[in-house]
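Welcome, and thanks for taking a look at this one with me. Please open the sequence and the model side by side before reading on.

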Amino acid sequence: MIRSMTAFARKDTEGEWGSLTCEMRAVNHRYLEPSFRLPETLRELENGFRESLRQRLGRGKVEIGMRLQLAENVAGGLEVNLPLAEEVNEAANQINRILDNPAHINALDILRWPGVLESAQQDMAPVKTAAKTLFEETVNELVLVREREGERLQPLFDNRLTEMSESVAVVRQRMPELLEQQAQNLKDRFAAAQVELDPDRLSQEMVMLAQKSDVAEELDRLDAHVSEVRDTLKSSKPIGRRLDFLMQELNREANTLSSKSIDADVTRIAVNLKVLIEQMREQVQNVE
């Protein structure tokens with residue numbers, strides 16, 4: 001199964017406490033690298049979110065953002081700590097009694113004292129529960145989008161792998177004919193130079209030509225790597241790194257085939273193989 005690393009997902013939820021929105025954006029990255037932008041009241045949930053994300057995603061740079069809008073009846077107001085306010089007022093009066101020119105303390109002076117004016121306590125438990133559920137739903141959506149993007153890549157890989165297999169089969173079929181042509185060309189060069197054919201020398205030249213032109217091993221490896229790519233594409237685990245390695249191996253064999261080529265058609269096929277491999281490699285960079 002191919003899963004892309006590029007995806008976007010958004011989910012919303014509402015309750016008596018207000019509304020909450022979660023957005024996730026993912027792009028390709030060598031490792032899993034999540035970053036969070038959470039409301040301060042939900043900051044304590046980040047570690048749990050990270051662990052959940054690590055269990056669902058293998059790779060990718062993922063940006064997670066949550067926006068919380070509390071309902072007016074839940075947003076809370078201000079509360080006055082009356083006992084502390086009375087203590088502050090009494091302390092100020094005590095100081096005023098020993099001063100020659102006491103200054104009257106007003107209500108704003110008392111309210112400015114740390115701890116006198118406090119935000120009303122809010123019950124955030126329902127919000128946190130909703131946030132956890134919303135996060136999981138958004139991750140599920142993100143995974144589905146990545147899988148849908150991966151499904152679009154499947155035909156691209158299938159078509160290019162099929163074309164590669166056909167190209168390798170063409171070269172394999174033509175190799176005996178090409179080697180025979182090369183042997184005849186060698187005999188013709190000896191004849192044109194009016195050099196007497198030494199059977200041992202001719203045998204040595206033929207062996208060297210066969211060794212230099214033998215691409216059977218490269219063709220076998222190309223077939224093996226193509227089969228391995230097909231098997232890897234069926235895996236349910238993250239496959240991006242494995243595919244990237246296989247693209248390197250395919251490219252290495254295609255380069256060797258090109259360097260050993262003794263025919264223009266084989267050279268053209270080798271170049272086309274490298275083009276197909278590069279097209280797949282570009283897509284592999286976005287595969288989880």
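The report below starts with the whole chain, moves to the sheet, and ends with the packed helices.

**Overall picture**

This is a predicted model, in which local features need pLDDT of at least 70 and side-chain atom pairs count only at pLDDT 80 or more, while totals for chains, interfaces and linings use all residues. Residues are numbered from 1 along each chain as its sequence is written, and side-chain values use heavy atoms, with hydrogens and water left out.

The protein has 9 helices and 6 strands; helices (H or I, at least four residues) and strands (E, at least two) are DSSP runs numbered from the N terminus. Of its 288 residues, 35% are buried, where buried means under 20% relative accessible area, exposed over 50% and partly exposed in between, using a 1.4 Å probe and protein chains only. Among contacts with a separation of 6 or more, 79% link residues 24 or more positions apart; a contact here means heavy atoms within 4.5 Å.

**The four-stranded sheet**

Four strands form an open sheet in the order E1-E2-E4-E3, with mixed pairing. Two strands are taken to pair if DSSP finds at least two bridges between them. E1 and E3 are the edge strands, each pairing on one side only. From one strand to the next, the twist averages 15°. Angles run from 0 to 180 degrees between N-to-C directions, and axes are lines fitted to C-alpha atoms, for helices over the stretch in contact.

| Pair | Sense | Bridges |
|---|---|---|
| E1 (residues 7-15) and E2 | antiparallel | 9 bridges |
| E2 and E4 (residues 60-70) | antiparallel | 10 bridges |
| E3 and E4 | parallel | 6 bridges |

Towards E4, Thr 21 has Arg 67 as its bridge partner, and Met 24 stands opposite Ile 64.

Strand E3 spans residues 32-37 and includes Pro 34. Is Pro 34 buried or exposed? Its relative accessibility is 17%, so Pro 34 counts as buried.

Setting aside neighbours within four places in sequence, Pro 34 is in contact with Arg 50, Leu 53, Val 62 and Ile 64. Leu 53 lies 19 residues from Pro 34 in sequence, with 8.2 Å between their C-alpha atoms. Helix H1 (residues 46-56) lies across E3 and E4 and runs at about 150° to E3.

A pair of packed helices is described by the angle between the axes and the distance between them.

Helix H7 (residues 216-233) packs on helix H8 (residues 240-259) at an angle of about 160°, and their axes are 10 Å apart. That angle makes H7 roughly antiparallel to H8; angles under 35 degrees count as roughly parallel, over 145 as roughly antiparallel, 65 to 115 as roughly perpendicular and the rest as oblique. H7 and H8 cross in a left-handed way, meaning that the near helix is turned anticlockwise from the far one by less than a right angle, whereas clockwise would be right-handed.

On the H7 side, the contact residues include Leu 219, Leu 222, Val 226 and Val 229, and those of H8 include Leu 243, Leu 246, Met 247 and Leu 250. By class, the contact of H7 with H8 has 11 nonpolar, 3 polar and 6 charged residues. Ala, Val, Leu, Ile, Met, Phe, Trp, Tyr, Cys and Pro count as nonpolar, Asp, Glu, Lys and Arg as charged, and the others, Gly among them, as polar.

H8 also packs on helix H9 (residues 264-284), at an angle of about 165° with the axes 9 Å apart. H8 and H9 are therefore roughly antiparallel to each other, and their crossing is left-handed. Among the residues that make this contact are Leu 243, Met 247, Leu 250 and Ala 254 of H8, together with Val 266, Ala 270, Leu 273 and Ile 277 of H9. The contact of H8 with H9 divides into 11 nonpolar, 4 polar and 3 charged residues.
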